[in-house]
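User: I'm new to this one, so could you walk me through it piece by piece?
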Amino acid sequence: MEKELEKLKEELKDKLKETKKEADILNIKSEYVGKKSRISELLTSLKDMSVEDKRKYGSLINNTKKELEEIVNKAIENIANQSNVSFDDTLDYDIEVGSLHPITIVAKEVTDILKRMGFTVVQGFEMESEYYNFEALNVPKDHPARDMQDTFYLDNGMLLRTQTSGDQIHSMEKFGAPLRVCSPGRTFRNEDVDASHENTFFQIEGMVIDKGISIESLIYVMKEILREVLHQDVEVRLRPGFFPFTEPSYELDCSCLICGGKGCPTCKHSGWIEIAPGGMVHPNVLRAGGIDPEVYNGFAFGLGLTRIAMMKYKINDIRVLNSGDLRYLENFKIN
Amino acid sequence: MLISCNKLKSHIKNSEDIDWLKIWDIFTIRTAEVEGVKVVGNQFDGVVVAEIKECQDHPDSDHMHILKVDIGEEELVQVVCGAPNVKVGLKTALVKVGGHIDGMEITARPLRGVISNGMCCSGRELGISDNHDGILELPTDAPNGMDLKKYYPFINDIIAEIDNKSLTNRPDLWGHYGIAREIAAITKHELLPLEIEEVKNDQEDLDIVIKDPNLCLRYCGLKIENITNNKSPMAMQVFLFYCGMRSINLLVDLTNYLMLELGQPMHAFDARVVKSIEVGLANDNDTYTTLDGEERKLTHDMLMIKNGDKYFGIAGVMGGLDSEILPDTTSVFLESATFNAGSIRKTALALGLRTEASARYEKFLDPNLTIIALKRLVYLLHQENPNLKFVSNLTDIYPTKVEEGHISLKKKTVNIYMGKVIEDNIIKDILERLEFKVEVTKDTFEVTVPTFRHTKDIFIEQDLIEEIARMYGFENLEPKPLKLDLVALEKENIFNQEYEVKRLLATKYNYHEVHSYIWYDTEILKMLNVSKDNVKILGRQENNILRDDLSFSLMNIVYNNLKNKPRFNIMEIGTIIKNNQNKRVLSLIMVDEEKNTELLYNKAKEQVKYLFSALKNISVEFKDNVKEESYYDKSLGKVITLENTTLGEINVLAKNITSKLAKKKIIICIDIDMDKYELLSKENILAKEVSKYPSVTLDYTILMNNKKYVDLKNILEEFKSNLVIKWELVSIYENKYTIRYTLGSMNKTLEQNDISKFKERFLNHLETHNLSLGE
């Protein structure tokens, strides 16, 4: 008896598995739990059984009937919940997502960390006067940096800025001291373009002016930026450099991320990459910005955003960045 | 600049304590960047002095000889050699069997059937000169069989290459002696004084005139006769070769040697042609033939050395052919002078002739170096020519003497910059090792700056702090966070706003950001037959016109991407130059199939509305726009406006231009003025009351009959009813526009009666404007 009841349950489940239409399920229902079903027969036969058998099988048969009804009702409920529209639910289209330029992503990361250190983000002008690009930055008239072959001079007496450093002067004029600003932007040099040289590239300028600023704070800020942007502790070294607008001046190198400092063509086999020139703001520059160098001092730095983007994304041809070629650029999804 | 460690060692006491391979890493972080370090002299071994004892023609060769050479062994060694300068008695260099040259082992092998037990070498093969005219010729007193490196110990050397750019501001480092001074200071060694010879001034002064003391700061001259030995010692030849120069003859080599040693360029003229020296400017359009045989055109701002009334050399740049030192020269006029750095740089640049001399003069050399260099040259020349004779006084024209500098360096300033207190004696020691004189007072260091650091480099306190910081070692400074005041900073939002806009457009409308150049691609302009006039870059013929229309300047990028993609969206926020001003503009360009024109056009408007609505809470409008530019479609241009302000434009690229880029495409350009966008403040948001009662919607399908949406809109706007919450266009089918009205009241649920009244009034309104309902 027990076996037969088990078998009934299994049979019902199997049948339901193959059935999708509600009408068919209703047929199955009458077949298994209707008046003429086997379970009903068994129930009817109870009355002819001995007292002992009645006690033995009565509740078992009744419970089984309830279970069978439950199984069928559940199947009906499931059918009712299902959409009766049929379609290919395995289709999978490629989605199109826009992209930001790698320089934009890097600039955002650098400005984010600088903002957290209390810097205001400003923006300068790509067409600039000689005054802001050179003179106010303590670059004398006959300095090599002013040569025609390095600078795009324009027929209206202006030039395309060769550095973002002019924003030091703009910021000092606008905000005065104390001051913490950074200025990402595009700069121009009259260079022949090849895999590692561009005439149009991005820098970010940073400047801090306050009372009693030390070289040690400059080192701190630079290390923090590089760690944040390159997502790892980078080894940096400072070595003497020369720029008219800072004194003392430094070149900041970071260990080459391409070869890990062992030496490769990217770092000219030195293991180091020049990444951020900077130094303590020259007193003449402070004066040009209307700030008294006897009271205030500060530091300034430039950071090559283009170079950082190339290191970070392992871009080996600088020309990709200004090519507008979407086959490269569309990979830079927003993060 | 190439630096020989052998040379440096000769200037430093106890130099053997220094690790000459490792010192350059330290030099890089203390002084200037070293680009590479190379060990030289190790490309050969097993090379000995060999004397040719017998010399026979090779029977099977027209140029080879069979030699028997003495290498200090019992028997002579037979070698075959093809050099033209073989002769009995010549001493040369021989690689013995088992020795190596350039990584190759020398074995005994037959050359045209005759066994050769070794190989005779030229200077070039040994890597000690560029001479390959014949085998090396050694002095007759060289001991046969002696190892060549033992005989010439200077062949083993370490050569460091220093980045010239990092020496821009250090005129004192353009010679080995200056580098030696730095290394001595870094390693706390003693710099040895230079050996010089004082000239007994018991002759006549030379006739030397400086016309402009601003252009020629000092001129020293000396005439010497009876120079019979004009061959440079081997050590000097190899040194010059290792430093990248060619050995010519003793007089020329000595001027180069002094330039490499002290950084002072010098010139030796054949004294036979020298009459009187005048340093003055050239005349416009004169010509002069320099040593390299080139005829140069002169201008009135080029400084010249003149001999009598003839040009004799371009001051500080290059001498001339007519005063060249020749093989028969025995008397010489030596020049050691200092010229104005800016003038030399301009002349060299204008002539396209940057020489070792001009590169050094550009750096502001110390005029006090001229006389030392001249006395040093005399000392070295005398060693090779014991019988030389001075035939003039050492004549020194020095109009304005350059004096040492003086700086009062406040201890307080040093401590601020260094971020900590550094002991007085450390600072004093650092500065004194660099040859500054220091007197320590209570609050200051009174520093005397030597003239070789005082022409360009060191004038103010900060210059001295750099000296202290680099010698103290940047690696010994600890990174220290900035102390911030808790004050709100200036609000500058432009970078953020630009980022926000780009991010929205990339994520919502699939725009890809590109970067382009600030000038038009002139090739594309030509291809599209469009001419542009704007600010131009001087001295460039191509890509020289700055852009005044961002979208149009992106057409080269559109053109290139069309080769790979049928449809795409690109954007850039960039600078254009308009009316001589910088302007920031956002450009959005959509490229698609021509058949999608209407869809794309409506998308463009939607995107603009969305941008201003989502980020500024501003609802912009579109007005017809007639563009002057012929490359945009005349009828489809729109301006984007807010009240009376123009915020940007939507344009469709003209059909004839588009077809030059690709067939059957539509290109839509949106340009938004970011300068104005940035200043737009977000519309104030006030909480709005909403009705508690349900609203009712009514749809009307209206037959348009030759009307445009804008007409319908005006008609509907005219219809006033206080039940209308809003109306909107929900769909268009052919000329049937379906409008949905949402009706409601703040006070009650609308009744059938209210709605019927509305319907009646509305239909009347339509009728008076000749509009009817569709099916």
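User: How many Å separate the centres of domain 1 and domain 2 of chain A?
Analyst: Keeping in mind that this is a predicted model, the centres of domain 1 of chain A and domain 2 of chain A, taken over C-alpha atoms, are separated by 82 Å.

User: And which residues belong to those two domains of chain A?
Analyst: According to the domain assignment of chain A, domain 1 covers residues 2–81, while domain 2 covers 102–329.

User: Switching to chain B, at what angle do α7 and α10 pack?
Analyst: In chain B, helix α7 (residues 250–262) packs with helix α10 (residues 369–384) at an angle of about 135°, and their axes lie 10 Å apart.

User: Now the two chains, how many residues does each put into the contact?
Analyst: Chain B contributes 66 residues to the contact, and chain A contributes 61 residues.

User: Which element gives the most on the chain B side?
Analyst: That is α14(B), which gives 9 residues to the side of chain B that touches chain A.

User: What classes do the residues on that side divide into?
Analyst: On the side of chain B that touches chain A, there are 32 nonpolar, 20 polar and 14 charged residues.

How values were computed:
Residues numbered from 1 in each chain as written. Chains lettered and ligands numbered in written order. Predicted model: local features only at pLDDT ≥ 70, side-chain atom pairs only at ≥ 80, totals over all residues. Domains from an automatic or database assignment. Axes fitted to C-alpha atoms, helices over the stretch in contact; angles between N-to-C directions. Helix = DSSP H or I, 4+ residues; strand = E, 2+ residues; numbered from the N terminus. Contact = placed C-beta atoms within 7 Å. Nonpolar A, V, L, I, M, F, W, Y, C, P; charged D, E, K, R; others polar.
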